[in-house]
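Please keep the display in view while reading.

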Amino acid sequence: MHYSLLLHYTEQDATTLGDEAIQAGQAAFSAYTRALQDAGVLVSAEVLQHSTATTTLRKVDGELVIQDGPFADTKEQLGGAIVIDVADLDAAVDWARQAPPIDWGVVEIRPGATYTVDGAWTSNG
């Protein structure tokens, strides 16, 4: 079963965080993804650029509207996503509780509905 671990946290820039915090965060993410990889459950992982780099598209009255910036103006933003393939929600919770952002933000677990394999949509359950 595929689960996405959606990482939400308050965004800060390198100046605000400082070199020590950045290095500690990078080391924590490296160790975490290495553990996921070693366990054979990592499907993909990505830390996103700052939300100011976001472009949001929607249709309003049938017309395409393109907005610079994130969809929601909130304190916490989606900072990354990790997709894991585990047996059940209990296993996903176990991995999510080990995700580095649990110490400074929120880790949302969302089961996948379908995913692609060689270009074909496959049911997740």
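Leu78 belongs to strand 5, which covers residues 76-85.

Apart from its neighbours within four places in sequence, Leu78 is in contact with Leu6, Leu7, His8 and Leu48. Between the C-alpha atoms of Leu78 and Glu20 there is a separation of 23 Å; along the chain these two residues are 58 residues apart.

## Helix 3

Three residues of helix 3 are buried, namely Ala92, Trp95 and Ala96. They lie on the same side of helix 3, because the arc they cover around the axis is only 100 degrees. The cover over these buried residues includes strand 1 (2-10), helix 2 (19-38), strand 5 and strand 6 (105-111).

At the N-terminal end, helix 3 is capped by Asp88. A side-chain oxygen of Asp88 lies 3.2 Å from the backbone nitrogen of Asp90.

## Confidence of the prediction

For the protein chain, the average pLDDT is 91, and 98% of the residues score at least 70. Confidence is highest in helix 3 (residues 89-96), with a mean of 97, and lowest in helix 1 (residues 14-17), with a mean of 85.

Notes: Residues numbered from 1 in each chain as written. Predicted model: local features only at pLDDT ≥ 70, side-chain atom pairs only at ≥ 80, totals over all residues. Heavy atoms only, no water. Helix = DSSP H or I, 4+ residues; strand = E, 2+ residues; numbered from the N terminus. Contact = heavy atoms within 4.5 Å. pLDDT = per-residue confidence, 0-100. Buried < 20%, exposed > 50% of the residue type's maximum accessible area, 1.4 Å probe, protein only. Arc of directions from axis to C-beta. Polar contact = N/O pair within 3.5 Å; in protein donor to acceptor, adjacent residues only side chain to side chain.
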